[in-house]
Amino acid sequence: MTDDTSGTTGSSDKVPSRQRKRFPGISSRAYEHPADRSALVALRKLTGFDTVFKALSGLLPERSLRLLFLSDSVRVSDAQFSHLNDMLRDACYILDLEKVPPMYVTQNPQPNAMCIGLDEPIIVVTTGLVELLDEEEMRAVIGHEVGHALSGHSVYRTILLFLTNLALKVAWIPLGNVAIMAIVTALREWFRKSELSADRAGLLVGQDLKASMRGLMKIAGGNHLHEMNVDAFLEQAEEYEAGGDLRDSVLKILNILPRTHPFTTVRAAELKKWAESRDFQRIMDGHYPRRDADKDTSVSDSFRQSASSYASDVRNSKDPLMKLVGDIAGGTADMGGKLRSKFTGGNGGNSGNGGSGSTGTAKGEATNGEEPGSAES
């Protein structure tokens with residue numbers, strides 16, 4: 001089924017620049033990453049979960065944020081940034097989101113976008129992102145944010161922002177910051193998975209894998225497409241995953257902990273893999289979970305899918321640490337020798353100066369926060 005309008009308001013004079021398939025009644029379960037989905041299903045099944053979280057609205061600065069964007073940003077409409085408004089309406093129509101969320105453009109040179117809000121989601125994109133991306137790349141970004149809205153991610157994102165700011169304010173209190181940062185770390189781990197889900201939603205809306213890839217490359221390297229190559233960019237992701245020894249694996253973990261987003265090359269590789277999967281093709285053929293069946297979703301089934309996904313990641317990963325985990329799970333002998341070899345980069349248990357591993361300094365030292373230009377796109 002193809003769409004013949006670009007929004008949910010029924011206007012026939014707004015049409016997308018090319019025909020795209022529409023997914024009536026699609027459930028967010030269709031595109032959610034298994035780890036993201038299992039966490040959300042479990043949370044949604046908890047008695048009173050929505051009530052408790054919405055009760056926090058009196059404490060969270062949501063109303064303040066809405067007033068801030070209304071007063072100091074440009075609201076997207078037919079009269080302002082009309083091309084973005086067309087894309088937003090088109091994305092909501094394709095994913096069958098009944099109510100088009102308000103979207104704002106805010107002055108910020110860093111390319112970024114976010115979907116926040118407890119009662120109702122709002123989408124915010126920066127001028128840096130609008131100026132960086134072309135029409136098809138921007139369409140994928142807006143689809144990404146609409147995917148966040150459809151999945152209900154805006155609630156958790158708002159809480160994450162609040163807790164991150166709170167952690168800074170109570171950092172001087174003994175143990176207070178530790179408790180809050182434990183929650184923040186857990187939320188960040190979930191949110192990184194949710195970004196992979198939203199990337200898939202962006203692809204369903206844009207239906208142009210090359211545009212999605214270009215957008216991710218631009219976020220990583222700026223507006224220099226003539227200097228970049230998709231295949232080489234994806235090779236970076238493979239080199240990142242497979243390279244180094246166990247010390248590098250530990251550094252990767254330390255690097256990712258303060259981030260809310262996966263690394264850009266990893267996102268590109270994950271999206272390409274999903275685009276080539278049978279799951280994606282089935283959605284494009286019109287076979288996908290429907291929203292009206294969400295209430296019947298099994299928590300145990302979702303956790304099994306999540307566990308199966310993690311197990312598959314461990315089996316197929318080229319990362320030295322994941323390989324070791326797989327070896328241990330498979331009962332490989334001589335773990336001591338393997339550990340020495342992995343950490344030293346040498347062969348076997350040789351401990352002299354014949355080891356061929358790298359010497360002390362690693363390039364990817366952990367940072368204390370998000371890197372410039374890390375967009376939710």
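Trainee: Does Arg29 count as buried or exposed, and what is its relative accessibility?

Mentor: In this predicted model, Arg29 counts as buried because its relative accessibility is 19%, under the 20% limit that defines the class. Arg29 forms a salt bridge with Asp294, and their closest N and O atoms lie 2.7 Å apart. Asp294 is partly exposed, with a relative accessible area of 26%.

Arg267 and Asp199 meet through their side chains at 2.8 Å, N to O. Arg267 lies in helix H12 (residues 264–275) and Asp199 in helix H8 (residues 176–206), so this pair ties together parts that are 68 residues apart in sequence. Both Arg267 and Asp199 are buried.

Salt bridges with shared partners also join Arg20, Asp90, Glu135, Glu136 and Arg139 into one network. Within this group, Glu135 and Arg139 form a salt bridge at 3.2 Å, N to O. They are separated by about one helical turn because they stand four residues apart in helix H6 (residues 135–151). Glu135 is partly exposed, at 40% relative accessibility, whereas Arg139 is buried, at 4%.

Key:
Residues numbered from 1 in each chain as written. Predicted model: local features only at pLDDT ≥ 70, side-chain atom pairs only at ≥ 80, totals over all residues. Heavy atoms only, no water. Salt bridge = Lys/Arg side-chain N within 4 Å of Asp/Glu carboxyl O. Buried < 20%, exposed > 50% of the residue type's maximum accessible area, 1.4 Å probe, protein only. Helix = DSSP H or I, 4+ residues; strand = E, 2+ residues; numbered from the N terminus.
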